[in-house]
Amino acid sequence: MAKDHPQGLSVWGAAYLAPQEDINTQHYQLAGGLVYQGLFPSRNRDVTAFCVIQGRFSDKLEGQSAETVVELNHRFQVGPWFYITPDVQYVIKPNGYSNIQNAWVCGVEMSVNF
């Protein structure tokens, strides 16, 4: 395996705090996940990622509490200049409202370097 394409599992986490609730819509957010490069033996440049993000909305926003997003994606590195990443998310309490049904979100990201 080339040094510029290490294979294996990485764990990450992040947090932010924006305590001024009268200014900030979301005053804290926690996130964490797993990233695995080379999950499939014949695709050592592909990257698979799973994460969970939870954010708490300001108490100044009536009826909103917290939103949680669970995400899974896989980046297919087609060549050194092109990748495509299908992505699936499950959103729990969208925008922090309990009266909105949880939602599935699917998307695709593509990148082409010229």
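This briefing describes the strands, cysteines, aromatic rings and selected residues of one predicted model.

The model is predicted, and local features are reported only at a pLDDT of at least 70, side-chain atom pairs only at pLDDT 80 or more, while totals for chains, interfaces and linings use all residues. Residues are numbered from 1 along each chain as its sequence is written, and side-chain values use heavy atoms, with hydrogens and water left out. The structure contains an open sheet of six strands in the order β1-β2-β3-β4-β5-β6, with antiparallel pairing. A search of the whole structure finds two aromatic pairs, and the count of disulfides comes to zero.

**The sheet and its strands**

- Strands here are DSSP runs of E with at least two residues, numbered from the N terminus, and two of them are said to pair if DSSP finds at least two bridges between them.
- In the open sheet, which has six strands, the edge positions are taken by β1 (8-17) and by β6, each of which pairs on one side only.
- From one strand to the next the twist averages 15 degrees, where axes are lines fitted to C-alpha atoms and angles run from 0 to 180 degrees between N-to-C directions.
- Strand β4, covering residues 66-79, pairs with strand β5, covering residues 82-92, in the antiparallel sense over nine bridges, and a hairpin joins β4 to β5 through two residues.
- Within this pairing, Phe76 stands opposite Ile84 in β5, and Asn73 stands opposite Asp87 in β5.
- Strand β5 is also joined by ten bridges to strand β6 (residues 103-112), and these two strands run antiparallel.
- Asp87, which faces Asn73, also stands opposite Gly107 in β6.
- In a regular strand the side chains alternate between the two faces of the sheet.

**Cysteines**

- A disulfide is a covalent bond between the sulfur atoms of two cysteines, and the rule used here asks for a pair of cysteine sulfur atoms within 2.5 Å.
- The cysteine sulfur closest to that of Cys51 belongs to Cys106 and lies 15 Å away, which is too far for a bond.
- Cys51 is buried, with a relative accessible area of 9%, where buried means under 20%, exposed over 50% and partly exposed in between, computed with a 1.4 Å probe on protein chains only.
- Cys106, by contrast, is exposed at a relative accessible area of 64%.

**Aromatic rings and a charge over a ring**

- Rings of Phe, Tyr and Trp (its six-membered ring) count as a pair if their centres lie within 6.5 Å, with planes under 30 degrees apart called stacked, those over 60 edge-to-face and the rest tilted.
- The search of the whole structure gives two aromatic pairs, and one of them is formed by Trp81 and Phe82, a tilted pair at 5.9 Å centre to centre with 40 degrees between the planes.
- Phe82 is buried, with a relative accessible area of 19%.
- Tyr90 and Trp104 also form a tilted pair, because their ring centres are 4.7 Å apart and their planes stand at 50 degrees.
- Tyr90 lies in strand β5 and Trp104 in strand β6, so this pair ties together parts that are 14 residues apart in sequence.
- Tyr90 counts as partly exposed at 27% relative accessibility, whereas Trp104 counts as exposed at 64%.
- The charged end of Arg75 sits over the ring of Tyr83, 5.0 Å from its centre, a term that requires NZ of Lys or CZ of Arg within 6 Å of the ring centre and within 35 degrees of the ring normal.

**The loop between β5 and β6**

- Lys93 is placed in the loop between β5 and β6, and Lys93 has a positive phi of about 55 degrees although it is not a glycine.
- Lys93 is partly exposed, with a relative accessible area of 28%.
- Asn95 is also placed in the loop between β5 and β6, and its phi is near 60 degrees, a positive value in a residue other than glycine.
- At 38% relative accessibility, Asn95 counts as partly exposed.

- Val47 lies in strand β3, which covers residues 47-57, and Val47 is buried, with a relative accessible area of 13%.
- Leaving aside neighbours within four places in sequence, Val47 is in contact (heavy atoms within 4.5 Å) with Val35, Tyr36, Gln37, Asn73, His74 and Arg75.
- Val47 and Ile100 are 53 residues apart in sequence and 32 Å apart in space, taken from C-alpha to C-alpha.

Technical notes: Helix = DSSP H or I, 4+ residues; strand = E, 2+ residues; numbered from the N terminus.
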